[in-house]
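I opened this model today to look through its domains, its packing and its backbone. My notes follow in the order I looked things up.

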Amino acid sequence: MKVWQVVAPRELEQVRLSQKDVEVDGIVKIRTSLVGLSFCDIKMFMGDSVSVDKAYPFSLGTKAVGVISDDAHNFKRGQRVVVDPFIACGSCYMCKTQTVNKQGNVNCSDVQTYINVLGGGLLSDFAYVPVTNLYELPSSIKDEDAIFAEYIALGLNALSQISLEKAEYVAIFGGGITGNILAQLVLYYQAVPIIIDDDEHKLEIAKAHGVYYTVNAKTENVQSKIREITSSRGAEVGVYIASSNLDLGDMLGSMDEYGRVCILGTEYNKQYLNVSLTQILSRQLNVLGVKSGYGFMAQAINILANKAVNLTGLTREVVQFKDVPKVLEKLAGESVPQYKTVVKT
Ligand SMILES: [Zn+2]
């Protein structure tokens, strides 16, 4: 299989790997169709990732859809699948004691992605994936939508952790892909999303996807706008997208008394997460962090099959496999990538 590997910061090399280079039992060979490039991939390419610290060389890519290449386990050649990138670490206390959460998954405290644990990476023409990390795709879900399954799983995990209830206001700081999809899930569960971003274009897409309340952090006073929307109470739930680079203090200041706050995502710029804790105490907030969609892929596929999220406008471009180095170099020049770049393999 042909794989793009990072050999040094901002340096890619195409190598050929075989099955014996992937260190695991119970794997299935897939021919990838589409691979999504995430913010994490871009940061790893730049040698600047806060979530992944790997020795060179390593492969990229955590989001992929494809078809089964050879019959294996319960899968048949030609079946369309999406890869669940999340893997329990196997070494934390929860893993060792097989403690399960309410979804019945081992409640791993340090969920890794497939790429981290096995070094496989999905940015390749073929990939070897653990059988437990493959989900069959119903024919009603297109490849270009399935590539967003991981974001949906991430959002579902956040809403589960935060115990969202109907009719609650959810202030979502960050209107990129994660924030947009999360807002649509909030609508699906009959609560009220408010998207805050400093990019009007992202707010326009959110509006087109049915989000009624948006706040432009560049032109409006965020805290007073959220108070106005929530009849001066503040939002019951706040979700801060870790990579949004928005003002976290603004979110804490927009919360209702006893509000629940979630910091969401794997990649961030440290200076934006340094915040005074006084607001947490003065409003008696509950704060938690969620960095993966571990355990929620099956539910995410259901959401896609139910057409519960509109993904129009979230893909920026589809690029060719051979152009990956050029494309990553371009993406590395942006502070926060706007929308999804998808590689056709
Ligand atoms: Zn673990």
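I am working from a predicted model. I started with the separation of the two domains: the C-alpha centres of domain 1 and domain 2 lie 28 Å apart. Their contact takes 13 residues from domain 1 and 10 residues from domain 2. I then asked which element gives the most to the domain 1 side. It is helix α1, residues 39-46, with three residues. By class, I find seven nonpolar, four polar and two charged residues on the side of domain 1 that touches domain 2. For the bounds, the domain assignment gives 2-148 + 314-344 for domain 1 and 152-290 for domain 2.

**Helix α1 again.** I looked at how α1 meets helix α12, residues 324-332. Their axes are 10 Å apart, and the packing angle is about 95°. Angles of 65 to 115 degrees count as roughly perpendicular, so α1 and α12 fall in that class. I listed the residues in contact: α1 brings Ile 42, Phe 45 and Met 46, and α12 brings Leu 328, Leu 331 and Ala 332. This contact has six nonpolar residues, with no polar and no charged ones.

**Core.** Next I checked the largest nonpolar core, which has 98 residues. Ile 152, Val 170, Ile 194 and Val 239 touch the most other members. Helix α5, residues 149-161, supplies the largest share of this core, eight residues. Domain 1 and domain 2 each give the core at least three residues. Leaving aside neighbours within four places in sequence, Ile 152 is in contact with Ile 181, Ala 300, Ile 303, Leu 304 and Val 309. Another core, of seven residues, lies apart from the largest one; Ile 87, Ala 88, Val 106 and Val 111 are among its members.

**Backbone.** Most residues other than glycine have a negative phi, and most peptide bonds are trans. The bond from Tyr 56 to Pro 57 is cis, with omega near -5°. Pro 57 sits in the loop between α1 and β4 (58-59).

His 73 has a positive phi, near 50°. I placed His 73 in the loop between β5 (63-68) and β6 (80-83). His 73 has 13 C-beta neighbours inside 10 Å, so I noted it as partly exposed.

Ser 232 also has a positive phi, about 70°, and is not a glycine. Its loop runs between α8 (222-229) and β14 (235-241). Is Ser 232 buried or exposed? Ser 232 has 10 C-beta neighbours inside 10 Å, so it counts as exposed.

Technical notes:
Residues numbered from 1 in each chain as written. Predicted model: local features only at pLDDT ≥ 70, side-chain atom pairs only at ≥ 80, totals over all residues. Core = buried A, V, L, I, M, F, W, Y, C linked by C-beta atoms within 7 Å. Buried ≥ 20, exposed ≤ 12 C-beta atoms within 10 Å, placed from the backbone. Helix = DSSP H or I, 4+ residues; strand = E, 2+ residues; numbered from the N terminus. Domains from an automatic or database assignment. Contact = placed C-beta atoms within 7 Å. Nonpolar A, V, L, I, M, F, W, Y, C, P; charged D, E, K, R; others polar. Axes fitted to C-alpha atoms, helices over the stretch in contact; angles between N-to-C directions. Parallel < 35°, antiparallel > 145°, perpendicular 65-115°, else oblique.
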